[in-house]
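Colleague: I am new to this structure and would like to learn how to read it. Could we go through it feature by feature?

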Amino acid sequence: SRPWAFVTYFFVHGGLLHLLGNSLVLFFFGTAVESRMGSRAFISYYVYCGVCAAVFCWLLSFVHDVQPFIGASGAVLGVSVAFAIYWPDAPVFLFPLPVPIKARTLVIGLLALDVTFAWLLPGDGIAHEAHIGGAIFGFLFFRLQALSRAEPPEPRRAERVVMVQSGAFDAPEPRRRPSPLPRARARKEADTSAAELDRVLDKISAEGIAS
C-alpha cells in the first residue's frame with residue numbers, strides 16, 4: 001500500500017549501532033567497489049540492490065512469514081558481493097579471527113549463515129531475507145553483464161588471421177643476431193608486413209578485437 005517504502009526503508013535504521021555497523025561494512029567494501037565502478041554506476045548499483053532486496057522479501061512473503069524490517073543491510077551485502085566478484089582472493093581480516101579470510105569465502109559464509117538463521121530462527125530481529133535478496137540480485141547483476149558481453153561464436157569459414165599472444169607459458173627463445181638482408185629484399189618484406197598489418201587493423205576496426 002506504500003510503494004515508496006521499497007526505497008525509503010534502507011535509509012532508516014533501528015539505532016546508532018545498526019547504522020554504524022552498516023556504514024562500517026559499506027566503507028570497507030564500498031570504497032573499492034566505487035573506485036572500480038565509478039560513482040554514478042556505484043550509486044545505481046547500491047539502490048538496485050536495496051530495492052531488489054525489498055522486492056525479494058515481498059515475493060517471499062507470499063509463501064513465508066517475513067517480518068517488517070528497515071536498514072541498508074540488503075544493499076550493503078550486494079556491495080559485498082560486488083567486492084567478492086572483483087577481488088575474490090583479497091584477504092579480509094574479521095575480528096576476532098587471527099587469520100585473514102578470502103573475500104569470496106567471507107561473503108559465501110555470511111550468505112550461508114543468513115539462509116540458516118532465516119530458516120531456523122525466524123523473527124530474531126535480523127532481516128536475513130533482505131540480506132539474501134540483496135546478495136542474489138547483486139550476483140545476478142554481474143551474471144547478466146557477463147552474458148551480455150559473451151563473444152559470438154566463431155564463423156566456420158577458415159581464414160588466415162594474425163594473432164598476438166602473451167608468451168607467459170612459452171619457453172624463452174635464445175636471442176639470435178639478425179643477418180643483414182639485401183636492401184631491395186628488406187624493403188619488399190617491410191612493404192608486405194605493413195600491408196598485412198593494415199589488413200589486420202582494418203579487420204579489427206570493422207569486426208572487433210575478437211576477429
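Modeller: We can begin with burial. A residue counts as buried when its relative accessible area is under 20%, and as exposed when that area is over 50%. Keep in mind that this is a predicted model.

Colleague: What percentage of the residues in the chain is buried?

Modeller: Of the 211 residues in the chain, 25% are buried. The accessible surface of the chain is about 15,800 Å², and carbon and sulfur atoms hold 65% of that surface.

Colleague: Which pattern does the chain follow along the sequence?

Modeller: The pattern reads α-α-α-α-β-β-α-α-α. That gives seven helices and two strands.

Colleague: What share of the contacts with a separation of 6 or more joins residues 24 or more positions apart?

Modeller: Such pairs account for 71% of those contacts.

Colleague: Now the helix packing. At what angle do α4 and α6 pack?

Modeller: The general idea is to look at the angle and at the distance between the axes. Helix α4 covers residues 73-86 and helix α6 covers residues 128-148. Their axes are 7 Å apart, at an angle of about 40°. Angles under 35 degrees count as roughly parallel, so α4 is oblique to α6. The crossing of these two helices is right-handed.

Colleague: Which residues make that contact?

Modeller: On the α4 side they include Ser73, Gly74, Leu77, Gly78 and Val81. On the α6 side, Ala130, His131, Gly134, Ala135 and Phe142 are among them. By class, the contact of α4 with α6 has nine nonpolar residues, six polar and no charged.

Colleague: How does one read a single residue inside such a contact? Take glycine 78: is it buried or exposed?

Modeller: Glycine 78 sits in helix α4. Its relative accessibility is 0%, so glycine 78 counts as buried. Beyond its neighbours within four places in sequence, glycine 78 is in contact with Tyr45, Cys49, Gly134 and Ala135. Glycine 78 and alanine 53 are 25 residues apart in sequence, and their C-alpha atoms are 8.9 Å apart in space.

Colleague: Where is serine 80 placed, and which residues is serine 80 in contact with, leaving aside its neighbours within four places in sequence?

Modeller: Serine 80 is also a residue of helix α4. With a relative accessible area of 3%, serine 80 is buried. Its contacts outside that sequence neighbourhood are Val25, Phe29 and Val107.

Colleague: And α3 against α6: at what angle do they cross?

Modeller: Helix α3 spans residues 39-60, and its axis comes within 7 Å of that of α6, with a crossing of roughly 125°. Roughly perpendicular ends at 115 degrees and roughly antiparallel starts over 145, so α3 and α6 are oblique to each other. The crossing of α3 past α6 is right-handed.

Colleague: Which residues of α3 and α6 meet there?

Modeller: From α3 they include Tyr45, Tyr48, Cys49, Cys52 and Ala53. From α6, Glu129, Ile132, Gly133, Phe137 and Phe141 are among them. The contact of α3 with α6 divides into 14 nonpolar, three polar and one charged residues.

Colleague: How do α2 and α3 pack, in angle and axis distance?

Modeller: Helix α2 covers residues 16-37; its axis and that of α3 are 7 Å apart, at an angle of about 130°. The two helices are therefore oblique to each other, and α2 passes α3 in a right-handed crossing. Leu26, Gly30, Val33, Glu34 and Met37 of α2 meet Ser39, Ala41, Phe42, Tyr45 and Tyr46 of α3. That contact of α2 with α3 holds seven nonpolar residues, two polar and one charged.

Terms used
Residues numbered from 1 in each chain as written. Predicted model: local features only at pLDDT ≥ 70, side-chain atom pairs only at ≥ 80, totals over all residues. Heavy atoms only, no water. Helix = DSSP H or I, 4+ residues; strand = E, 2+ residues; numbered from the N terminus. Buried < 20%, exposed > 50% of the residue type's maximum accessible area, 1.4 Å probe, protein only. Contact = heavy atoms within 4.5 Å. Areas by Shrake-Rupley, 256 points an atom, 1.4 Å probe, with all protein chains shown as cover. Axes fitted to C-alpha atoms, helices over the stretch in contact; angles between N-to-C directions. Parallel < 35°, antiparallel > 145°, perpendicular 65-115°, else oblique. Left-handed = near helix turned anticlockwise from the far one by under 90°. Nonpolar A, V, L, I, M, F, W, Y, C, P; charged D, E, K, R; others polar.
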